[in-house]
Amino acid sequence: QALALAEHFSEDAWRLSGASWLVVRQPGAEVAALRLALRQAEAACRLIPRHGGLLRTLGVAQYRMGDYPEAVASLKSADRLNAPAHGGFSAPQDMAFLALAQHRLGQIEQARVALSRLRESMKRPKWLKNDEAQASLREAEVLERDLIFPADPFAH
């Protein structure tokens, strides 16, 4: 019976991505929840390839799991697809997590560029009262202080 039901069941990319986003949008989730969220985001991207919102969720999930090179690739792709819908400006979540992943990879100049783009995007009225954009900005602001005053000044 289960196999018969499974044949008629289709995965919903939006539901998978939404469930993943609920876990990855904030720091501090448990590893098991993050693993599931990553699998959900990957499945959503397989179902609908080259969708900026789905790629953002995947990139953030990859970042949360410590897959920084993959996160950078996913978030760059998300930005390329999402920016035209925002008047050519990057979505704050794309830039915040791109900067965070690049920083983790030691790509300091690229992280600074992403933070600069994040600040420019946040000046747009549509993001000023957007809770998720503001949360992404707050998470990236910690990184900004580290780029200006590194914890280990001899690390770079």
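Predicted model: local features only at pLDDT ≥ 70, side-chain atom pairs only at ≥ 80, totals over all residues.
The secondary structure of the chain consists of 9 helices and 0 strands, so that the order of elements from the N terminus reads α-α-α-α-α-α-α-α-α. Of the 156 residues, 42% are classed as buried. The accessible surface amounts to about 9100 Å², and carbon and sulfur atoms contribute 56% of that area.

The largest nonpolar core contains 39 residues. Within this core, Val24, Tyr63, Phe97 and Leu118 touch the most other members. At least two core residues come from each of helix 2 (13–24), helix 3 (31–47), helix 4 (52–64), helix 5 (68–82), helix 6 (92–104), helix 7 (108–122) and helix 9 (131–148). With neighbours within four places in sequence set aside, Tyr63 is in contact with Tyr68, Ala71, Phe97, Leu100, Ala101, Arg104 and Glu139. One of these partners, Phe97, is also among the core residues that touch the most other members.

Helix 4 is mostly covered, with 12 of its 13 residues buried. The buried residues are Gly52, Leu54, Leu55, Arg56, Thr57, Leu58, Gly59, Val60, Ala61, Gln62, Tyr63 and Arg64. Gly66, which follows helix 4, has a positive phi, near 85 degrees.

Helix 2 packs against helix 4 at an angle of about 40 degrees, and the two axes are 10 Å apart. The crossing of helix 2 past helix 4 is left-handed. On the side of helix 2, the contact is formed by Ala13, Trp14, Ser17, Ser20, Trp21 and Val24; helix 4 contributes Leu54, Arg56, Thr57, Val60, Ala61 and Arg64. An α-helix has 3.6 residues a turn, so residues three or four places apart point the same way. Val24, listed in this contact, is also one of the core residues with the most contacts to other members.

Gln40 is located in helix 3. Its relative accessibility is 15%, and because the limit for a buried residue is under 20%, Gln40 counts as buried. Not counting residues up to four places away in sequence, Gln40 touches Leu16, Ala19 and Ser20. Of these, Ser20 also takes part in the contact between helix 2 and helix 4.

Technical notes. Residues numbered from 1 in each chain as written. Heavy atoms only, no water. Helix = DSSP H or I, 4+ residues; strand = E, 2+ residues; numbered from the N terminus. Buried < 20%, exposed > 50% of the residue type's maximum accessible area, 1.4 Å probe, protein only. Areas by Shrake-Rupley, 256 points an atom, 1.4 Å probe, with all protein chains shown as cover. Core = buried A, V, L, I, M, F, W, Y, C linked by side-chain atoms within 4.5 Å. Contact = heavy atoms within 4.5 Å. Axes fitted to C-alpha atoms, helices over the stretch in contact; angles between N-to-C directions. Left-handed = near helix turned anticlockwise from the far one by under 90°.
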